[in-house]
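Subject: A structure for you to explore

Hello,

Here is the structure I promised to pass on. Please open it beside this email and look up each residue as you read.

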Amino acid sequence: MDRKRICTSRLRKLFTRSFGCVASFVFIVLVVKFRDSSIHEEYNKFKSYNGVVRILPSPSPVSNETVSNFKAVTVGNTKKSVVRSESYSGNQTLERKLNFTREDLQTVSPDIFKRIPTQYLPNYRSFCWFEEDQLWCLPYFYIIGFHKCGTTDIFDKLEFHPNVLKVGKEPHWWALRRAGLHRDRYSLHEKLVKSVERLPGVGDATSFNWYLNWFKYQKVLNDVENTTRELRSDNGELIEYHPKVFGDGSVSTLTRVIFEPWDLIIPNGEDPELLPYLMHAVQPRAKVIITVRDPVVRFRSMFGRKVGGSSERMHTMAVAAVKCATDCIANNSVRHCAYFSHCQDLPQIYLGIYVEFIRPWAMVYGKENLLISRMEDRIGNPISEFKRILQYLELEMLPDEECKRIMETEIFNVNAKKTAMLDKTKTLLQQFYTPFNRQMAAFMNDDSYNFGY
């Protein structure tokens, strides 16, 4: 009887546990299915639009010394189809229909378009507007990547300019927080992020209101509004001009998409819809800086930052990364593979395919309206490269001595330990990146983007 009772008890416990596991599994499947179906429903609605992204002609830049050319930057509307075509190599043409209207984007991100004005204030260098006597501004410039290519160093050195305000570098709003991907990744400025969320009426970090308050909380809007100088127009009228600006240095911005999580909802082989379409609709005249370096050196730096270890371990990971990337590209478009995360654990080998990430931004904003800065140029010709950046940003030019002093300040965000790269690893990575470097050199019409191999 005792044995029978014991067996019965054990069977009852086993049945209870098994039933609990099955019930939990069924619950998880239902939740995931519901989530995926909701995502698919929203995405299908999103994909059903038949318009095009708003592409505005680039207005004349605002003069630093006169107001005769001041024009309000219009954030208007259009239903006209737009195809921007640009040759980037001998036998290929970059041509893509931009299939969103402003109304489409309003549906995707309604909180953005409810807040931004139809025109930004013409006497502010920054992109600003008033709501009920409160000034709001968006960043004047974006340093959007690439990771481990010196974005932090450029951002910090620009803040030495008297008209560039200090602000937390990487809010990661456009690419990550807006899509709800901010909780487990990019913990930079964690305390600041939470402080902004706790402000009355702001909401969590997914909202556009949070992004605007990110800058307000750091007091930069006060400096933008309260710092003025008088400029005289052609007719002799004195105008109060606000020259101060600030930036956003989130490196995630370059490599993400409008709709997240796209890799769960877009079939294999189909390209994602990219973030520059949305950002251009909001800020058609934003200054966009992209930094690059030899992709093999970038791979080594990323290995040191994310993985670490011996030279042999680096080689093992390089072999696996090249195989993963090559297998994907054999069956999908390069763009699909570049934005897909299945090789992400292998020092982000795709981030070295610079041309694939830069082309969409060049197509939307115009290549002439971007600034691409090589780390090799900032090391070899620091003063001239820094002055080139200032000129692109239309900031007051600094004397050579001041530029030299700024460029000689401490370099930020450098890996403490650098693992030596084996010759066989270098050769393997150079062979992988060479065709993409050739495309980049042709796209930029500059052989220096071959990086010497």
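Below is what was found in it, from the whole protein down to single residues.

First, two notes on how to read everything. This is a predicted model, in which local features need pLDDT of at least 70 and side-chain atom pairs count only at pLDDT 80 or more, while totals for chains, interfaces and linings use all residues. Residues are numbered from 1 along each chain as its sequence is written, and side-chain values use heavy atoms, with hydrogens and water left out.

The whole protein

The protein has 17 helices and ten strands. Helices (H or I, at least four residues) and strands (E, at least two) are DSSP runs, numbered from the N terminus. The protein has 453 residues, and 53% of them count as buried. Here buried means under 20% relative accessible area, exposed means over 50%, and partly exposed is in between (1.4 Å probe, protein chains only).

The accessible surface comes to about 21,800 Å², and 52% of that belongs to carbon and sulfur atoms. These areas come from the Shrake-Rupley method with a 1.4 Å probe; for residues, only the protein chains shown count as cover. As for contacts (heavy atoms within 4.5 Å), take those in the protein with a separation of 6 or more: 71% of them are between residues 24 or more positions apart.

The core

In soluble globular proteins, nonpolar side chains tend to be buried together. A nonpolar core is a set of buried Ala, Val, Leu, Ile, Met, Phe, Trp, Tyr and Cys residues joined through side-chain atoms within 4.5 Å. In this model the largest nonpolar core has 111 residues, of which Leu138, Phe146, Trp174 and Ile349 touch the most other members. Helix H13 (residues 354-365) gives the most to this core, with nine residues.

Leaving aside neighbours within four places in sequence, phenylalanine 146 is in contact with several residues, including Leu254, Ile290, Val292, Tyr354 and Phe357. A cis peptide bond, with omega about 10°, joins phenylalanine 146 to glycine 145.

Lysine 148 is in the loop between E5 and H4 too. Lysine 148 has a positive phi of about 65°, although it is not a glycine. Is lysine 148 buried or exposed? Lysine 148 counts as buried because its relative accessible area is 7%. Histidine 172, found in the loop between H4 and helix H5 (190-197), also has a positive phi, about 50°, and is not a glycine. At 2% relative accessibility, histidine 172 is buried.

Moving on to H5, its buried residues are Leu192, Val193, Ser195, Val196 and Glu197. The buried residues of H5 pack against helix H6 (208-217).

The cysteines

How many disulfides does a search of the whole structure find? It finds two. A disulfide is a covalent bond between the sulfur atoms of two cysteines; the search takes a pair of cysteine sulfur atoms within 2.5 Å.

- Cysteine 128 and cysteine 137 have their sulfur atoms 2.0 Å apart. Their link is right-handed, with 105° about the S-S bond, and both cysteines are buried.
- Cysteine 328 and cysteine 337 have their sulfur atoms 2.1 Å apart. Their link is left-handed, with -95° about the S-S bond, and both cysteines are buried.

Two further cysteines to find are cysteine 149, buried because its relative accessible area is 0%, and cysteine 403, buried at 0% relative accessibility.

Phenylalanine 130 is in strand E3 (residues 127-131). Why is phenylalanine 130 called partly exposed? The reason is its relative accessibility of 39%. Leaving aside neighbours within four places in sequence, phenylalanine 130 is in contact with Leu121, Tyr124, Leu135 and Glu225. Its C-alpha atom is 9.1 Å from that of tyrosine 120, ten residues away along the chain.

Asparagine 226 lies in helix H7 (residues 220-226) and counts as exposed, with 60% relative accessibility. Asparagine 226 and histidine 242 are 16 residues apart in sequence, and their C-alpha atoms are 7.8 Å apart in space.
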